[in-house]
Amino acid sequence: MNKKLLAFLLASPASAEIIYASSYNDHAVTALNLNGSSLTVLGRNYDCGSEPTWLTLDKAKGVLYCLNEGWGGAASITSYKTSASGSLSTLDVLSVLKSPVSSTLFGADKSKLAVAYYDTSAFGTFDVSNPSDLKLLKQETYSLSGPGTVPERQDAPHLHDAVLDPTGQFLVVPDLGADLLRIYQVTDAVSGASAVGAVKAVPGSGPRHVAFATAGDKTYLYSTNELSNTITGYRVDYKCDAIPEFTSLFTFSTHGPGGSVPAGTKSAEIEVSPDQKFLIVSSRGEGLLKIPSFDPASPAEIVSDPLVSFAINGTTGALTHVQTAPAGGRNPRGFSLNKAGTLVVSALQDDNRVVVIERDVKTGLLGKIVAHATVGVGANNGPNYALFDE
């Protein structure tokens, strides 16, 4: 048996609530067991490579996909078979272009995977109908005629996310370097998706991640913009089989209209609650909040960056600031909600910590940190993404 698989210690009860987290500094995908106020490490798998990052779960098939950015080695996509115990069995490892940062499943039976590449300015599609035999279908690389509004960050296209729209017919890929939302249509072609247009973002905003929200027959798209630390809201209109139209509704601070952030802040993740009524964004590098220390031997308080929550007006798409709450530490690069919307799991990249935060579904308010665990080793570059196995 692969010695890397032996590192996965299988000791979880059948009722375990499993969370997966990726981290750069220990080069691992870690499985955690959430049991009330206890969050314990079940084991680690090292087959995702040198810099594990984005995780995509196909719950129906029991398959987890991990992107390896590959800064310290060859970049790759790894597929795993999941289990009720939390163990991950490696199915395949496919070498890809450097810097894959986000992915999403799409197409019939979720048989394809769309991948955004940051540093290599590319968009790729993969056949994952057999997760034990991953195959590249199509790869497109983009370029710029010159630097963007923020030259040091916009020297080239930097695709940073890939999100399937609510109809399952279109993919939206924010490009931080080109200030665009690239639009792809899901097709019957071998590649599964074709570029059909782009939406211009605010110059210098640097769209990083996006999330859709629906309310009745209305659809909205929200973009968190890393370079300007803003949120842009769009109304999305579908007309027959035509390309959807994106109408900009607003752009304001990640802390709401009139809000501001300290120099060096970088907005990160954006998620819409399962009931489509709230939106949450994470903001890195603010360091303005304080929370009790997790270590009795440490100072009484430690620094935390925020998770910022907004209520979504289903009629207009407007956002109303609800709360600015601690993310559980520094650099909340990635977070996600459980399907019930009652819990948020937050990955704190600079603190080697994953925390689980309670959430009130009716008010959208985040409450206390109910559980935490150490994930990653060494300074900085610890856990960068976490999600529930559900």
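Student: Into how many nonpolar, polar and charged residues does the lining of the second largest cavity divide?

Tutor: The division is two nonpolar, one polar and two charged. Ala, Val, Leu, Ile, Met, Phe, Trp, Tyr, Cys and Pro count as nonpolar, Asp, Glu, Lys and Arg as charged, and the others, including Gly, as polar. Please note that this is a predicted model, in which local features need pLDDT of at least 70 and side-chain atom pairs count only at pLDDT 80 or more, while totals for chains, interfaces and linings use all residues. Residues are numbered from 1 along each chain as its sequence is written, and side-chain values use heavy atoms, with hydrogens and water left out.

Student: Which residues line that second largest cavity?

Tutor: Its lining consists of Phe123, Thr125, Lys138, Glu140 and Ala193. At least two of the lining residues come from strand S10 (122-127), and at least two from strand S11 (135-141). Strands (E, at least two residues) and helices (H or I, at least four) are DSSP runs, numbered from the N terminus.

Student: What is its volume?

Tutor: The second largest cavity holds about 30 Å³. On a 1 Å grid over the protein atoms alone, a cavity is a set of points where a 1.4 Å probe fits but cannot get out, whereas a pocket is an open set with protein on both sides within 12 Å along at least five of seven lines; lining residues have an atom within 4 Å of a point. Points are joined across faces, edges and corners, and a volume is the space filled by probe spheres set on them.

Student: How many cavities of 30 Å³ or more are there?

Tutor: There are two cavities of 30 Å³ or more.

Student: Turning to pockets, how much space lies in the largest one?

Tutor: The largest pocket contains about 1200 Å³. It is lined by 36 residues, and those closest to its centre are Leu57, Thr104, Glu271, Tyr385 and Leu387. Elements giving two or more residues to this lining include strand S8 (100-106), strand S12 (163-164) and strand S20 (266-272). S4 gives the most, with five residues. By class, the lining has 19 nonpolar, eight polar and nine charged residues.

Student: And which residues lie nearest the centre of the second largest pocket?

Tutor: They are Arg153, Arg208, Glu226, Lys266 and Arg284, out of 13 lining residues. This pocket holds about 260 Å³, and its lining has three nonpolar, three polar and seven charged residues.

Student: Back to Thr104: is it buried or exposed?

Tutor: Thr104, in strand S8, is buried, with a relative accessible area of 15%. Buried means under 20%, exposed over 50%, and partly exposed in between (1.4 Å probe, protein chains only). Leaving aside neighbours within four places in sequence, Thr104 has contacts (heavy atoms within 4.5 Å) with residues including Thr56, Leu113, Val163 and Leu171.

Student: How many residues has the largest nonpolar core?

Tutor: That core has 30 residues, and Tyr20, Val29, Leu55, Leu64, Ile77 and Phe126 have the most contacts inside it. S5 supplies the largest share, five residues. A nonpolar core is a set of buried Ala, Val, Leu, Ile, Met, Phe, Trp, Tyr and Cys residues joined through side-chain atoms within 4.5 Å. With neighbours within four places in sequence left aside, the contacts of Leu64 include Tyr20, Val29, Leu55 and Leu387.

Student: Which cysteines does the disulfide join?

Tutor: Cys48 and Cys66 are joined, at an S to S distance of 2.1 Å; a disulfide is a pair of cysteine sulfur atoms within 2.5 Å. The two cysteines are 18 residues apart, with Cys48 in the loop between strand S3 (38-45) and strand S4 (52-58), and Cys66 in strand S5 (residues 63-68). The link is left-handed, with -90° about the S-S bond.

Student: Are Cys48 and Cys66 buried or exposed?

Tutor: Cys48 is buried at 0% relative accessible area, and Cys66 is also buried, at 0%. Cys240, by contrast, is exposed at 81%.
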